[in-house]
Amino acid sequence: MAITVVGSVAFDSIETPAGRRDRCLGGAATYFSLAASFFTDVRVIAVVGEDFGPAEQSVFEARGIDTQGIEHADGKSFFWEGSYLENLNEAKTHATELNVFGTFDPKIPPAYGDSDFLFLANIDPVLQRRVRQATPNAKLVAGDTMNYWIKDHKPALLEVLKGLDILLINDTETRMLAGNPNLVQAARHVLTLGPRMLVVKHGEYGATLFHKSIPKGQESESFRAPALPLDEVTDPTGAGDSFAGGFFGYLASQSELTPGSFRRAMFYGSVMGSFAVERFGTERLQELTREEIDHRFRLFRELTHLD
Ligand code: AMP
C-alpha cells in the first residue's frame with residue numbers, strides 16, 4: 001500500500017565530531033521517503049525553492065519516489081543548521097529558516113488519492129493538520145514532531161494529535177509534551193491526547209512502543225527494540241525520520257497488521273536509523289540495498305535472541 005508523506009524537504013548544514021557539511025539535502029520528509037521507499041510506494045507533499053535543482057530531484061527519482069506533490073516556489077528552500085558536538089543523541093539547533101514553507105498551502109495531487117497510509121513528518125502542525133483533513137480516506141495515520149513545535153505551537157500540535165493513530169517522538173519530546181519527567185507516565189498521558197500507539201525513540205538506545213490504556217503495573221503493554229551498537233556514528237541527522245520510514249514503510253508493505261507486524265516494524269525502524277547515521281546527510285540511504293537491510297535485520301534478531 002502506498003504512503004503519502006508531508007514534511008520538510010530541506011538543506012541542512014551539519015557539524016558533528018566527524019566533520020562538517022554545508023547545505024546538504026535533508027528534511028524530515030526526505031529521510032522518511034528514502035527509508036520507506038525500500039518497502040513500498042512513497043508520495044511526497046512539500047515545497048522547495050529555486051535552490052532545489054536536478055541533483056536534488058534525482059535523489060528522489062533514483063528511489064522511485066513520487067514527487068508530483070513537491071511544489072516549486074520562488075525563494076529559498078527550508079534551511080536547518082545544527083550540531084552534535086556535545087551529545088550525539090540530541091541536535092543543538094543553530095538556525096531554522098522556514099523560507100518557502102512559511103507561506104506553503106499544501107495541495108494533494110489527485111494521483112495520491114488512493115494512499116491508505118499517511119505520514120505527517122516533522123513540519124508546522126498547521127500544515128500537518130491541513131493535509132490530514134484533505135486525506136479523509138487514509139486508513140492508518142502516523143506522525144512526528146519536535147521540541148520546536150511542542151514549545152511554541154502546542155495548541156496547533158494538540159489538534160494534529162487528535163487525528164493520529166501513531167505518534168513517533170523521542171524521549172525528551174515525550175516528557176516535554178506531557179510535562180512529566182517519568183517516561184511511562186508521560187507516555188500514558190500522551191496516549192490520552194489522540195494516538196492509540198506511541199513510539200518513543202531513544203537515539204542510540206533503541207525505541208519503545210507504548211499501547212493505549214497501559215494498565216497500571218502492566219508495563220509489558222510496551223515493546224522495546226534495541227539500536228544496533230555501531231562502531232562509527234558519522235551524523236545522527238535524520239535517524240528519527242529514517243526510523244519512522246522503516247517502521248511505517250514496513251507496516252504499509254504488510255497485507256495484515258497484527259501485534260507481531262508492529263514489533264517487526266520497530267526492528268525495521270531501528271535498521272533504517274542505524275544506516276542513516278553511518279554517513280553524512282542522506283548519503284548512506286542513497287546507496288543502500290534491500291539485501292543490506294535484510295542482513296542487518298537478521299543481526300538485530302541475533303542481538304536480542306535468548307535461546
Ligand atoms: P531528525 O530525524 O530528528 O534528526 O530530523 C532531522 C531533519 O529535520 C533535518 O534534515 C532538518 O532539515 C529537519 N528539521 C529540523 N528542524 C525542523 C523543523 N522545525 N521543522 C521541520 N523539519 C525540521
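Predicted model: local features only at pLDDT ≥ 70, side-chain atom pairs only at ≥ 80, totals over all residues.
Before I start, one definition: contact here means heavy atoms within 4.5 Å. By that rule, and leaving aside neighbours within four places in sequence, Ser37 is in contact with Val42, Arg63 and Ile65.

Ser37 sits in the loop between α1 and β4, and β4 covers 42–48. Is Ser37 buried or exposed? Its relative accessibility is 11%, and the limit for buried is under 20%, so Ser37 counts as buried. A polar atom of the Ser37 side chain lies 2.7 Å from the backbone oxygen of Leu34. The Ser37 side chain also makes a polar contact with the side chain of Arg63, at 2.8 Å.

In general, strands of a sheet pair through backbone hydrogen bonds, either parallel or antiparallel. Which sense do β2 and β6 take? Strand β2, residues 10–16, pairs with strand β6, residues 78–83, in the parallel sense, over six bridges. Ala10, for instance, has Phe78 in β6 as its bridge partner.

On to the core. The largest nonpolar core holds 95 residues, and Phe119, Ile166, Phe247 and Phe248 have the most contacts inside it. Helix α9, residues 259–276, gives the most to this core, with nine residues. Not counting residues up to four places away in sequence, Ile166 touches a list that includes Leu140, Val141, Met197, Phe247, Phe248 and Phe262.

Last, the ligand. Which residues come nearest to it? There are 18 residues around the ligand, and the nearest are Ser8, Asp12, Gly27, Gly238 and Asp241. For Asp12, an N or O atom of the side chain is 2.4 Å from a ligand oxygen. For Gly238, a polar backbone atom is 2.7 Å from an oxygen atom of the ligand. Trp149 has a side-chain N or O atom 3.3 Å from a nitrogen atom of the ligand.

That's what I have; questions now, please.

Technical notes:
Residues numbered from 1 in each chain as written. Heavy atoms only, no water. Pairing = 2+ DSSP bridges. Helix = DSSP H or I, 4+ residues; strand = E, 2+ residues; numbered from the N terminus. Core = buried A, V, L, I, M, F, W, Y, C linked by side-chain atoms within 4.5 Å. Buried < 20%, exposed > 50% of the residue type's maximum accessible area, 1.4 Å probe, protein only. Near = heavy atom within 4 Å. Polar contact = N/O pair within 3.5 Å; in protein donor to acceptor, adjacent residues only side chain to side chain.
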